[in-house]
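Hi there,

Here is the structure I promised to pass on. My notes follow below it; have a look whenever you get a moment.

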Amino acid sequence: MAVEDPLPRALIWDVDGTLAETEHHGHRVAFNLAFEEAGLPWHWDETIYARLLEVTGGKERLRAWWRSVDPAVADSEEATQRILQLHQRKTAHYLAFLEQGGITLRPGVKRLIDAARAAGIRQAIATTTTPDNLWPLLGHEFAPLGRATFEVIGAGDVVAAKKPAPDIYRWVLERLGLEAAQCLAIEDSAVGAASAVAAGVPVLVTRSHYTVHQAMPPVLAVLDSLDTVTLSDLSAWRLAKTVPYSVP
Ligand code: XBP
Ligand code: MG
């Protein structure tokens, strides 16, 4: 289907790395605190974490790590329980960082959302992160509307197959009642962009701390920040790249 309107009907936002730089001083440090607390000799430095980010979802990331260090135990019931406990503690540490105001929106995000809203463009979220991680960020950074800034929020385990599977984008599209080509996804990573592309949603990439060197799938544009992006830019990119985005 050709893109008919130059402006998208909805923006679908990724969270980690896109709305905010949450991984490096946020999730990664929170995982390491949970490991220390549990007496585990694990530490995810920047190099290890960059590789682990290929696996989306914290629980899934823990399982992938466990398989690499102790494959005989990693898929046991005991490991499953341990992963749930570690993930709960990691979430608590991450929430503490958010409450302390240590994680804020990336440049240009709020301005673009405000401009889009003023132009009647709907806002949604498609993320693999745990919903609890969202509420303090949205409450602080999008006050006074808070989470109501986003009409549809698809997060965490609402779909079984996380990014790069298209499921979370399909879940959000269904609730928006829009077709993929009518929307624009904003992502920071190759796995996130692949998820949107697989659902047929055109993508704008704003690269983040861990994704600057990643090779991206076919997207409208790859930027280092949304700082100077305008609604006219969004229209121009969408019109220039009509052909690859037929609905699968
Ligand atoms: C990024 C992720 C998340 C976070 C951790 O998701 O992979 O898993 O690293 O979140 P996105 P949880 O970029 O799609 O927002 O530990 O809560 O799963
Ligand atoms: Mg991301």
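**The sheet and the magnesium site**

Isoleucine 186 has leucine 204, in strand 5, as its bridge partner. Strand 4 and strand 5 (residues 203–206) pair in the parallel sense over three bridges; pairing takes at least two DSSP bridges between two strands. Strands (E, at least two residues) and helices (H or I, at least four) are DSSP runs, numbered from the N terminus.

A word on conventions: this is a predicted model, where local features need pLDDT of at least 70 and side-chain atom pairs pLDDT 80 or more, while totals for chains, interfaces and linings use all residues. Residues are numbered from 1 along each chain as its sequence is written, chains are lettered from A and ligands numbered from 1 in the order written, and side-chain values use heavy atoms, without hydrogens and water.

The open sheet has six strands in the order 3-2-1-4-5-6, with parallel pairing. Strand 3 (152–154) and strand 6 (221–223) are at the edges with a single partner strand each, so one side of each has no neighbour in the sheet.

Now the magnesium ion (ligand 2): its protein donors are Asp14 (OD), Asp16 (O) and Asp188 (OD), at 2.1 to 2.2 Å. Donors are N, O and S atoms within 2.8 Å of the metal (3.2 Å for Na, K and Ca), and water is not among the atoms, so sites may look incomplete. Along the chain, the spacing of these donors is D-x1-D-x171-D. Aspartate 14 is buried, at 5% relative accessible area, and aspartate 188 is buried at 5% too (buried is under 20%, exposed over 50%, partly exposed in between; 1.4 Å probe, protein chains only).

Best wishes
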